[in-house]
Amino acid sequence: MSVRHDEKQAVAAELYRALAAGDRKRLDEILDPAFEGRITEGLPLDLGGTYGGPDAMRREFWGRIARSYDAHAEPAGFRHLDDGDLLVTGRYVGVARQGGGKLDAEFFHVLSFEGKRITGLVQLTDSARWSEALGTARPLSTVDLRVTDGLAEVRLDRPHVRNALDQAMADDLYEVAQRLAADPEVRAVLIAGNGPVLTVGGDIAVFADNAGAGLPGKLRRMISPYHEALRILSRLDAPIVCAAHGAVAGGGLGLLYSADIVLAAEGTKFVSGFTALGLSGDGGNSWFLPRLVGPRRAAEFYLEQRVLDAHEAVEWGLATRVLPAAELADEALAVARRLAAGPTRAHGEIRRLLRESWSATLAEQLISESDAIARTAATSDASAAVTAFIDKRKPTFQGR
């Protein structure tokens, strides 16, 4: 039975009302007997995983949440997907029942339908926010994160598979991005990789294990948190340095795009690799590439599987400069530290202005520049820097 978009949206809205009211009878009417819920791995209380059937979802997921949190989902946006599913975005808000820790976590739900009943819910949410509300924290398994003196070092850590992106790494990168965005002490970010390469992109073993009918859903589930991580990183006030070595491929190129300065080691290879797998690509490639290298070169890079060396990557605009491999780590760290000691609010405004200039008219950009410089002029860093200039001494920035 064909169901109109507005009818699906109405059913989805009713689901959230029923959950908020604890209306079990209405939930039974909304959820199909074959319902399956797939929940973000890494949530506290072992809530992550797959729940088969409405009863399991009610008792083992929603019921356990209700025992530990006084919280509800607030849907904010609905988007109808090409495959007939409905993407719902919003926030979980509330408090933990023990300790009263505040919960405010973004969510993405993909709802599947059979007629006017919901047959599936795939959930993505920031597990760190749920853990923090309970006074716990989800450990990272595939990414090393440390913040020292305002510098956040983010290192991909699956060296045995050349830092291939799998579900765990996608989830970890999303969580890392959320932590960076929420930490006012972060004034610069360094992205690097442990092992022989920065990243080879998506984990082919994951694709092989889910080949056929299961692959579209698996890719959507994996790509969603990764793309959200890239979106958050691109909007940080803190500037980002990326140290590329060995190879950067596929969706992993998105980490380059989120950075402001990309240092490449001699011998590093850059390639998309998507069409070799019969795939169209992810990681923001279709948006960033034409803007960085031009539409003709972007098409060549994609369609002809062009492999760029480090010097070509600089020439094309994918990287900033090339360094001897032995010098990459030290120089990337030095650059990131210099940026961490700079005027963070001004850096944030510059990042935003450069990003938005791609779609703004000159008149719009001039207005944006006027607004941005007025905001930065009101910062403590600007006042201190002006005084230091008059006194003919080097300013010390505090990032405020």
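In H14, Gln365, Ser368, Ala372 and Thr376 are buried (under 20% relative accessible area with a 1.4 Å probe, protein chains only). They lie on the same side of H14, because they cover an arc of only 65° around the axis, taken from the directions from the helix axis to the C-beta atoms. Ile367 and Ala377 sit on the other side of H14 and are exposed (over 50%). The cover over the buried residues of H14 includes helix H13 (344-356) and helix H15 (380-390). H14 itself spans residues 362-377; helices are DSSP runs of H or I with at least four residues, strands runs of E with at least two.

The model is predicted; local features need pLDDT of at least 70, side-chain atom pairs pLDDT 80 or more, while totals for chains, interfaces and linings use all residues. Numbering starts from 1 along each chain, and side-chain values use heavy atoms, without hydrogens and water.

The whole structure holds 13 aromatic pairs (ring centres of Phe, Tyr or the six-membered ring of Trp within 6.5 Å; stacked under 30 degrees between planes, edge-to-face over 60, otherwise tilted). Tyr16 and Phe107 are stacked, at 6.0 Å centre to centre and 25° between the planes. Tyr16 belongs to helix H1 (residues 5-21) and Phe107 to strand S5 (residues 102-114), so this pair ties together parts 91 residues apart in sequence. Tyr16 is buried at 5% relative accessible area. Phe107 is buried at 0%.

The pair of Tyr92 and Trp130 is edge-to-face, because the planes stand at 70°, with ring centres 4.9 Å apart. Tyr92 is in strand S4 (residues 86-96) and Trp130 in helix H4 (residues 127-134), so the pair ties together parts 38 residues apart in sequence. Both Tyr92 and Trp130 are buried. Ring pairs join Tyr16, Tyr69, Tyr92, Phe107 and Trp130 into a cluster.

Notes. Expected span 1.5 Å × (residues − 1). Contact = heavy atoms within 4.5 Å.
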